[in-house]
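Open the model in your viewer and keep the selection tool at hand. The stops below run from one side chain out to the whole chain.

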Amino acid sequence: MKIDWAALGSVFGVSLLATVALVGLFTLGILGLSKQEQAAASGDSAVLARTGAYAAFAVCAAAITFGIYLIVT
């Protein structure tokens, strides 16, 4: 059995990058919702924070759906 170390390293690198990106996007979504609650408590408008949070969550859902699509096909 021969292991293709370059391919294994490439898969590891892409997996690590995708994981960090998804966690970062999800964190931005949570931060946006947190800022929305703070703005609502102080009486300010929170439309931008809510929109950004929902966009971050939508990108996370799209990336997860694409990953499942790649695995299933």
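**Start at glutamine 36**

Select glutamine 36 and show what surrounds it. Setting aside neighbours within four places in sequence, glutamine 36 touches Ala46, Ala49 and Arg50. This is a predicted model. Glutamine 36 sits in helix α1. Is glutamine 36 buried or exposed? Its relative accessibility is 18%, so it counts as buried, the cut-off being under 20%.

**Along α1**

Now select α1, residues 5-42. This helix has 38 residues. From first C-alpha to last it reaches 55 Å, close to the 56 Å expected at 1.5 Å a residue.

Which residues of α1 are buried? Colour Gly29, Gly32, Gln36 and Ala39. Look at their spacing along the helix. An α-helix has 3.6 residues a turn, so residues three or four places apart point the same way. The cover over the buried residues of α1 includes α2.

Next, step just past the end of α1 to glycine 43. There the backbone takes a positive phi of about 90°.

**Across to α2**

Select residues 47-72, which form α2. It holds 26 residues. Its reach is 37 Å from first C-alpha to last, close to the 38 Å expected at 1.5 Å a residue.

Pick out isoleucine 3, in the segment before α1. Its relative accessible area is 38%, so it is partly exposed, a class that lies between 20% and 50%.

**Zoom out**

Show the whole chain. How many helices and strands does the chain have? There are two helices and zero strands. The radius of gyration is 18 Å, well over the 11 Å that the globule rule gives for 73 residues, so the chain is more spread out than a compact globule. Along the principal axes, the C-alpha atoms fill a box of roughly 65 × 25 × 10 Å.

Finish with the surface. Buried residues account for 11% of the 73 residues. The chain exposes about 5,700 Å², and carbon and sulfur atoms supply 75% of that area.

Notes:
Residues numbered from 1 in each chain as written. Predicted model: local features only at pLDDT ≥ 70, side-chain atom pairs only at ≥ 80, totals over all residues. Heavy atoms only, no water. Helix = DSSP H or I, 4+ residues; strand = E, 2+ residues; numbered from the N terminus. Buried < 20%, exposed > 50% of the residue type's maximum accessible area, 1.4 Å probe, protein only. Expected span 1.5 Å × (residues − 1). Contact = heavy atoms within 4.5 Å. Rg over C-alpha atoms; globule rule 2.2 N^0.38 Å. Areas by Shrake-Rupley, 256 points an atom, 1.4 Å probe, with all protein chains shown as cover.
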